Amino acid sequence: MTLLLQAVDLYCERDERPLVENLNLRVESGHIYQVEGPNGSGKTTLLRVLCGISSRFRGELLWRGESMSTQRNSYLSELLYIGHSSGVKTALTPRENLVWHAAITGFFGNVAEEIVSEALDRVGLYGFEDVPCYALSAGQQRRVSLARLFIGNMSLWILDEPFTAIDKQGVAELEIWIGEFAERGGAVILTTHHELGINHLVQHVRLGD
Amino acid sequence: MDDLNSSIARAAQPGNKAGEQPSISVKAAFLATLRRDLLMAYRRRGDFINPLAFFLIVCSLFPLSVGPNPQLLSLLAPGILWVVALLACLLSSDTMFRNDFDDGSLEQMILSPVSLYVQVTAKTLAHWLLTGFPLMLLSPLLALLLQLPSTGVIALMTSLAVGTATLSFIGAIGAALTVGLRKGGLLLSLIILPLYIPVLIFGVSSVQSATNGSDYMGQLAILGAFLALAITLSPLAIAASVRISVDN
């Protein structure tokens, strides 16, 4: 059990409406943190603050016990964030999309090709590697961005509504991947309105009460 | 930290390449971003042809509107060619980061361990290869149409090549600043047009000198200096603007 990310006395607001107040969060390896709350309660805002895209907060973020401002590079090399918008270019094929993601994660050349093929295979897009993404269904496009879970060796996943648009079997698979990742010593922060089937590892973070 | 990584690596399936530690390669990330942008443009050829069509159409309208008098046209040609090339660059720079902003790629670029400086430089280079470079290749044809004396053609092409690259870098700053705004078009022009002016002045002046048969290396050297400044400094501004636009 290692302490990864820590938020101390976090306060965020949007349009002068406080969303998160006095939040203290300790993200430890081997756990899954489910952020819950009604629509508009600031779940996405919180995730964007935690992953460092948004600077509109007060309080402090620590990565492995040290201030985020000094640890940002090491944090980014261990963080995987999948947001609302998928980061998938519809004009490109799943393989081309992921080869780019692999390159900016630090994989290139033949290694990247192998990793990408393996990742596409795992998310069930075998046979669709070279079809342009605009010809894929919404669920398949979601799977293209979820394939990034298998690119790189991260220790923290931050997933914003990862279950959107995927089918029942996909939901079950994704739950297994998340569970396995946590058991291997990773940590997951996610938002979803759906009850996870891997309850023993899940801790709940309530917003908007 | 090492303990955790190695434990994850051990747990990864044998032969699973994804379990290997990545080694950040700036060059590979640069080339991957460049390749992706060029590939996107190739798949959506319509978008990329727009500025070229604009350049071609506007330049070919001038002989029709001011009359086919060769003396008058050759006098106006350097100015017309440069102004229209500049407007074509301005029009195309608006969309530079739009797609990446809408589909979330900019967030991924910010969260990548590769520095944003490298990635935006690659994007800007891709933009130049898709606008400035073809404009330069097309310019001799339009020079002929506008009766530019043949002594000015080499100067036109070199000044456009160097000048439009500077314009791409300047345009990228404005595009990154306004990408978060729904209607940033006019604001973009207001921000970047003043910065375009010096490039325009020296670009036109080099072509005019060349058509008069005098030396134009001085003006080209100044354009080169602008470009050196733009390549080294503007990615800092572009990267900072991207962060500001995504952080909302």
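Modeller: Helices (H or I, at least four residues) and strands (E, at least two) are DSSP runs numbered from the N terminus. This is a predicted model, in which local features need pLDDT of at least 70 and side-chain atom pairs count only at pLDDT 80 or more, whereas totals for chains, interfaces and linings use all residues. Residues are numbered from 1 along each chain, chains are lettered from A, and side-chain values use heavy atoms.

Colleague: Between which helices of chain B does B:L181 lie?

Modeller: B:L181 is partly exposed, at 38% relative accessible area (buried is under 20%, exposed over 50%, partly exposed in between; 1.4 Å probe, protein chains only). The residue belongs to the loop between α9 (153–178) and α10.

Colleague: How many residues apart in sequence are the parts tied together by A:F150 and A:W177?

Modeller: These two rings form an edge-to-face aromatic pair, 5.1 Å centre to centre with 90° between the planes (centres within 6.5 Å; planes under 30 degrees apart are stacked, over 60 edge-to-face, the rest tilted). A:F150 is buried at 12%, and A:W177 is buried at 10%. Because A:F150 lies in the loop between α5 and β7 of chain A and A:W177 in helix α6, the separation is 27 residues.

Colleague: Why is the pair of B:F202 and B:F226 edge-to-face?

Modeller: B:F202 is partly exposed at 26%, as is B:F226 at 25%. The ring centres are 5.8 Å apart, and the pair is edge-to-face because the planes stand at 70°.

Colleague: Over the face of which residue does B:R36 lie?

Modeller: Within chain B, the charged end of B:R45 sits over the ring of B:Y42, 4.7 Å from its centre (NZ of Lys or CZ of Arg within 6 Å of the ring centre and within 35 degrees of the ring normal). B:R36, at 3.8 Å from the ring centre, lies over the face of A:W100.

Technical notes. Phe/Tyr/Trp six-rings, centres within 6.5 Å; stacked < 30°, edge-to-face > 60°.
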